[in-house]
Amino acid sequence: MLTSRLSLRLVRHARRSYRVLALESSCDDSCVALLEKQTPAGRPIVVDHYKSTLSSAAAGGIIPTAAQVFHNYTIGGLVDKMATTYNFDQNPPDLICVTKGPGMAGSLTASIQLAKGLALAWKVPLVGVHHMLGHLLTPQLDVDVKYPFLSLLCSGGHTMLVYSKSVGHHEVIINTMDIAVGDSLDKCAREIGFYGNQLAREMEKYIRNNPWPAETTATVTEPPIDLALGLPMKGPKYLRFPDKIEFTFASFLSRVQTTLKRHPDAIDEKQRQYMAHHIQNMAFDHIIDRINVALMIHGTNKKLCPTADGKFDGVIDIVCSGGVAANKSLRHKLSHNLKFRETLGHEPTFHFPPLDLCTDNAIMIGLAGIGQFEKLRIMSDMSMVARPKWPINELMDESWVHVDDATYDKVTKYNS
């Protein structure tokens, strides 16, 4: 079990308006957060946050049944610790937010059932939160991200480009046709000999500490091993401007496996060094390439794309969030290689969450839950169940309960 406690923006003695307890357990992280909101226009304040992570290195990956047992074992203790520290017996939270989906059904259900019990015991409203909404709203803890904006959400479970017009209106512009970039990098890293709980992160650290010599010296003239790894969806058989833009990352894993079969002896350090660098570099170049295609199709420059529809006109902000968003190489490529000026006539403003908020956390669930409750005026009832597959463009296609004025005022206390 790996346990951590986030330290950024923690405020223990903020002036109270209303308090929000948030729970997250969609994958392998058990997370609990307490937030406070003081004014309608103000940003939520993070009071405290606890996080405990299932160690899955020995198992070679996350086993859903093991994750479910872990959350059932862990999440209640984290809530009890928060309740004791902040005197919930005398001063319970005014709103409870919990991840409803997407994620692993067993993992999600562990927190949902606990959240239902707490909502009944304290007689407070419950909000089932969309996990990806939490990721794309995370930067708004610190800055104003203006609608419409674009979000690259990239993690072990998702890789998508989302166009957001409001808290409740999102369109998926690019999705992955097979596996997510984080999943691909994890599996590739395992194949070439990395070990740990977050293999893509271990590989990134290795790359930073061991840059491929071809970048720094002229003595290496050719790769020590032939990966034959090209940029996906490029070539004569692919349309330059396809009707449906997609990411694909499964080919990176299959190419690594094919290469290792051709070289049955253990790879040496120089070969691992090259493969790690090349795999990560090509995966991120593929992300940049597909986003640039979307920028041309939905931009305003008809010289670049004669059928450009101008959908992205007015977009200034770009959010990059999710576990892979912590990768410094990806951040650098996004900041320097997107054709934003060429397609929309101006440079964008990039928003990257702090590194500790890129991975799953309950702070983002509380933030998104507040947005759903205040901006969309929606909450959940006791019939809520986990929704393992939940496209973000279907956020409003649920049996939501309308938040009436009396409930809104009772929770927020803005008018009291």
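Modeller: Let us begin with A228, which is partly exposed, its relative accessible area being 48%. Please keep in mind throughout that this is a predicted model.

Biologist: In which loop is A228 found, and what is its phi near?

Modeller: The general idea is that most residues other than glycine have a negative phi, and most peptide bonds are trans. A228, however, has a positive phi, near 50 degrees, and is a residue other than glycine. A228 belongs to the loop between α5 and β10 (246-247).

Biologist: Where is K123 found, and is K123 buried or exposed?

Modeller: K123 is not a glycine, yet its phi is positive, at about 55 degrees. K123 is located in the loop between α2 and β6 (126-130). K123 counts as exposed because its relative accessibility is 66% and the cut-off for exposed is over 50%.

Biologist: Let us turn to helix packing. How is it described, and at what angle do the axes of α1 and α2 cross?

Modeller: Two packed helices are described by the angle between their axes and the distance between the axes. Here, helix α1 (residues 64-85) and helix α2 (residues 105-122) have axes that come within 8 Å and cross at roughly 30 degrees. Angles under 35 degrees count as roughly parallel, and α1 and α2 are therefore roughly parallel to each other. The crossing in which α1 passes α2 is right-handed.

Biologist: Which residues of α1 and α2 make the contact?

Modeller: On the α1 side they are A67, Q68, H71, N72, I75, G76 and V79, and on the α2 side G106, S107, A110, S111, L114 and L118. By residue type, this contact of α1 with α2 has six nonpolar, seven polar and no charged residues.

Biologist: Next, salt bridges. What is the general idea, and to how many salt bridges does the count come?

Modeller: Side chains of opposite charge can pair when their charged atoms come close. The count here comes to 16 salt bridges. One of the pairs is K413 with D94, whose closest N and O atoms are 2.6 Å apart. This pair links distant parts of the chain, 319 residues apart: K413 is in the segment after α11 (405-412), and D94 is in the loop between α1 and β5 (95-101).

Biologist: What are the relative accessible areas of K413 and D94?

Modeller: For K413 the value is 27%, so K413 is partly exposed. D94 has 12% and is therefore buried, since buried means under 20%.

Biologist: How many residues apart are R208 and E204 in helix α5?

Modeller: R208 and E204 are four residues apart in helix α5 (residues 199-209), about one turn of the helix. Their side chains meet in a salt bridge of 3.0 Å, N to O. R208 is partly exposed, at 46% relative accessible area, whereas E204 is buried, at 8%.

Biologist: And which helix holds E269 and R272?

Modeller: That is helix α7 (residues 269-297); E269 and R272 are three residues apart there, so about one helical turn separates them. The side chains of E269 and R272 form a salt bridge, 3.0 Å from N to O. E269 is partly exposed, with 43% relative accessible area, while R272 is buried, with 16%.

Methods: Residues are numbered from 1 along each chain as its sequence is written. This is a predicted model: local features need pLDDT of at least 70, side-chain atom pairs count only at pLDDT 80 or more; totals for chains, interfaces and linings use all residues. Side-chain values use heavy atoms; hydrogens and water are left out. Axes are lines fitted to C-alpha atoms, for helices over the stretch in contact, and angles run from 0 to 180 degrees between N-to-C directions. Helices (H or I, at least four residues) and strands (E, at least two) are DSSP runs, numbered from the N terminus. Angles under 35 degrees count as roughly parallel, over 145 as roughly antiparallel, 65 to 115 as roughly perpendicular and the rest as oblique. A crossing is left-handed if the near helix is turned anticlockwise from the far one by less than a right angle, and right-handed if clockwise. Contact means heavy atoms within 4.5 Å. Ala, Val, Leu, Ile, Met, Phe, Trp, Tyr, Cys and Pro count as nonpolar, Asp, Glu, Lys and Arg as charged, and the others, Gly among them, as polar. A salt bridge is a side-chain nitrogen of Lys or Arg within 4 Å of a carboxyl oxygen of Asp or Glu. Buried means under 20% relative accessible area, exposed over 50%, partly exposed in between (1.4 Å probe, protein chains only).
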